Amino acid sequence: MITLHDYWRSSASYRVRIALNLAGLDYKSLPVDLTKGEQTSPEHRALNPQGLVPVLEIGRQKLTQSLAIIEYLEEVHGVGLLPDSAIERAHVRALAYAVAMEIHPVCNLRVAKFVTQETGGKISMEHWMQSFIAPGLAALEQMVGDGNYCHEDRVSLADICLVPQLYNARRWNVDLAAMPKLLRIGAHLETLPAFKLAHPDRFQ
Ligand SMILES: N[C@@H](CCC(=O)N[C@@H](CS)C(=O)NCC(=O)O)C(=O)O
């Protein structure tokens, strides 16, 4: 039995949903409502002391941190999300980290809320999000390949990070017009069943 504690709009949860689908694993989604602060409840902190989603329960194991979870799935189920050569793996990880370790943490709910509250609303949530997502994705635009995937011709860890970040960018009305490569890759990935099945609209 595999259980994913997630939230429909959470990018990190969305990544893990895609990876579970790519691995062909059945799982049950247990929603943690971030808008109600359920991630800080004692029950959730018992699963993840960081008070974050996602948490993946596999039997008695509790896994946290989306990229660690995805690499676990990769190692155990051989999904093929990382290229064979060390240099290419480093590149794919760099693309993934550009999203997951640069853009995403600054735009986390608790960070954005703190800024809005501490500035008495002078910095709006949307302005904050746009200020970090737009330049972060503009940099990524220069790092990805010219095809239908972030790297070469197959789904990688980088694609799993890109699609949720594009979804999030649209949510905050980020202007993506100057990022044709990311838009093309995103449009292609969204046609793939593993990505479609993981879409937030299906978990709302
Ligand atoms: N680095 C973590 C980030 C997890 C994370 O930031 N989750 C967000 C949702 S995308 C969350 O639970 N936020 C709750 C909050 O900020 O209070 C991962 O990749 O799993």
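This is a predicted model: local features need pLDDT of at least 70, side-chain atom pairs count only at pLDDT 80 or more; totals for chains, interfaces and linings use all residues.
Helices here are DSSP runs of H or I with at least four residues, strands are runs of E with at least two, and both are numbered from the N terminus. Keep that in mind for the element names.

Numbering starts from 1 along each chain as its sequence is written, and side-chain values use heavy atoms, without hydrogens and water.

Start with the largest pocket. A pocket is an open set of points on a 1 Å grid over the protein atoms alone, where a 1.4 Å probe fits, with protein on both sides within 12 Å along at least five of seven lines. Its lining residues have an atom within 4 Å of a point. The volume is about 840 Å³, counted as the space filled by probe spheres set on the points, which are joined across faces, edges and corners.

Who lines the largest pocket? There are 34 residues, with Leu-52, Val-53, His-104, Asn-108 and Leu-109 nearest its centre. Elements giving two or more are α1 (11–22), α3 (66–77), α4 (86–106), α5 (109–118) and α7 (157–171). The top contributor is α4, with five residues.

Now the domains, with bounds from an automatic or database assignment. Domain 1 (2–79 + 196–202) and domain 2 (86–192) both supply lining residues, so the largest pocket lies between them.

Polar contacts are pairs of N or O atoms within 3.5 Å. Gln-39 puts a polar side-chain atom 2.8 Å from a ligand oxygen. The Asn-108 side chain has an N or O atom 2.8 Å from a ligand oxygen.

Last, backbone. Gln-65 is not a glycine, yet its phi is positive, about 70°. Gln-65 sits in the loop between β4 (61–64) and α3. Val-53 and Pro-54 are joined by a cis peptide bond, omega about 5°.

Terms used:
A polar contact is a pair of N or O atoms within 3.5 Å; within protein, one must be able to donate a hydrogen and the other to accept it, and residues adjacent in sequence count only if both atoms are side-chain atoms.
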